[in-house]
Structure formats: structure tokens, C-alpha cells
Amino acid sequence: MLQNLTGWHSLVILAIVLLVFGSAKLPALAKSVGQSVRILKEETQSDPAAPEREDA
């Protein structure tokens with residue numbers, strides 16, 4: 001589904017996001033998304049001290 005997206009699709013999506021959130025809130029939204037992605041990366045890294053899960 002996503003392999004058919006082109007540059008025009010990205011521009012349309014960006015325009016819709018700009019209309020919905022407004023230009024004043026976009027920097028805060030981008031910062032929030034960046035922090036969420038960073039937290040997700042940290043949480044998904046395997047912790048060697050964590051016990052292994054055994055599926056029976």
C-alpha cells in the first residue's frame with residue numbers, strides 16, 4: 001500500500017497536516033513525535049539483564 005506513494009502524495013499529506021494543526025503547533029508536534037520515537041527505540045532495545053521469555 002505504501003509503496004505507491006509519490007512526492008505528490010507527501011505534499012498533499014503535509015498540506016492536510018498543516019491545515020489541521022496550524023503552523024504554530026507544528027514545531028511542538030514534531031518535537032513530541034521525535035521524543036516518542038526516541039523513547040520507543042530505547043524501550044525496544046534488548047536488555048541483557050532482563051530474563052528471557054519462554055514460550056511453552
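Val-37 is partly exposed, with a relative accessible area of 43%, where buried denotes under 20%, exposed over 50% and partly exposed the range in between, with a 1.4 Å probe and protein chains only. The residue lies in helix α2, helices being DSSP runs of H or I with at least four residues and strands runs of E with at least two, numbered from the N terminus. The structure is a predicted model, in which local features need pLDDT of at least 70 and side-chain atom pairs count only at pLDDT 80 or more, whereas totals for chains, interfaces and linings use all residues. Residues are numbered from 1 along each chain as its sequence is written, and side-chain values use heavy atoms, with hydrogens and water left out.

Val-37 also contributes to a nonpolar surface patch of about 600 Å², together with Val-12, Ile-16, Val-20, Phe-21, Leu-29 and Val-33. Such a patch joins nonpolar side chains (Val, Leu, Ile, Met, Phe, Trp, Tyr) within 5 Å, from residues with over 30% relative accessible area and no salt bridge, the latter being a side-chain nitrogen of Lys or Arg within 4 Å of a carboxyl oxygen of Asp or Glu. The elements that give two or more residues to the patch are α1 (7-21) and α2 (26-44), and the largest share, 4 residues, comes from α1.

The protein contains 2 helices and 0 strands. For α1, the 15 residues should span 21 Å at 1.5 Å a residue, and the end C-alpha atoms are 21 Å apart, in agreement with that value; the expected span is 1.5 Å times one less than the number of residues. Just after α1, Gly-22 adopts a positive phi of about 80°. Helix α2, with 19 residues, reaches 27 Å from its first C-alpha to its last, close to the 27 Å expected.

Helix α2 is hardly covered, the count of buried residues among its 19 residues being 0. Within α2 is also Thr-44, which counts as exposed because its relative accessibility is 57%. The side chain of Thr-44 reaches the backbone oxygen of Lys-41 at 3.1 Å.

Terms used:
Patch = residues over 30% accessible without salt bridge, like charges linked within 9 Å, V, L, I, M, F, W, Y side chains within 5 Å. Areas by Shrake-Rupley, 256 points an atom, 1.4 Å probe, with all protein chains shown as cover. Polar contact = N/O pair within 3.5 Å; in protein donor to acceptor, adjacent residues only side chain to side chain.
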